[in-house]
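Hi everyone, and thanks for coming.

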Amino acid sequence: MTETGYSSAANTPQGVPADVQAKYLLVLIAEAWRENIPAIYLYQLVDDRRDDHDWSKSLGLYDAGWQPKPAAHAIHYLTAALTTAFKNVAPLRTFPYAIAGQSTGVQSLPLRKPDGTIALLVWREAPL
């Protein structure tokens with residue numbers, strides 16, 4: 001999956017606030033992982049320049065001054081948690097479980113470590 005991402009230029013029709021950019025990117029990563037997409041190329045690492053009125057200049061995980069945006073922190077914490085606790089994790093295709101309560105829009109991905117330990121990555125798809 002190449003050149004995918006969300007703009008944090010909130011003053012444009014194509015942009016969203018920086019915290020929403022982070023949430024959207026986490027859902028994007030989880031969905032791609034669930035679909036066994038082997039690689040994701042987020043566009044882009046750093047904003048081209050500071051311009052909250054041009055959506056194409058605010059696609060980065062870092063702002064133009066190399067300060068991390070919420071998306072950079074979110075992706076860091078997701079990957080750190082998964083690689084520290086679940087090295088060499090693999091999505092499970094069959095694993096019996098249920099999510100109780102309000103489950104509209106809830107998606108999940110069970111993961112198994114080589115030692116058999118299982119974790120469940122859960123997210124809700126909802127308009128933000």
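**Aromatic pairs and backbone**

Let's start with Y6, which counts as partly exposed because its relative accessibility is 30%; buried would be under 20% relative accessible area, exposed over 50%, and partly exposed is in between, with a 1.4 Å probe and protein chains only. A word on the source: this is a predicted model, where local features need pLDDT of at least 70, side-chain atom pairs count only at pLDDT 80 or more, and totals for chains, interfaces and linings use all residues. Residues are numbered from 1 along each chain as its sequence is written, and side-chain values use heavy atoms, with hydrogens and water left out.

How many aromatic pairs does the structure hold? There are two, counting rings of Phe, Tyr and Trp (its six-membered ring) with centres within 6.5 Å; planes under 30 degrees apart are stacked, over 60 edge-to-face, and the rest tilted. Y6 and Y24 make a tilted pair, 4.9 Å centre to centre with 55° between the planes. That pair links distant parts of the chain, 18 residues apart: Y6 sits in the segment before α1 and Y24 in helix α1. Helices here are DSSP runs (H or I, at least four residues), numbered from the N terminus. Y62 and W66 form a tilted pair too, at 5.9 Å centre to centre and 40° between the planes.

Now stay with W66, in the loop between α1 and α2. Its phi is near 65°, a positive value in a residue other than glycine. Most residues other than glycine have a negative phi, and most peptide bonds are trans.

Key
Helices (H or I, at least four residues) and strands (E, at least two) are DSSP runs, numbered from the N terminus.
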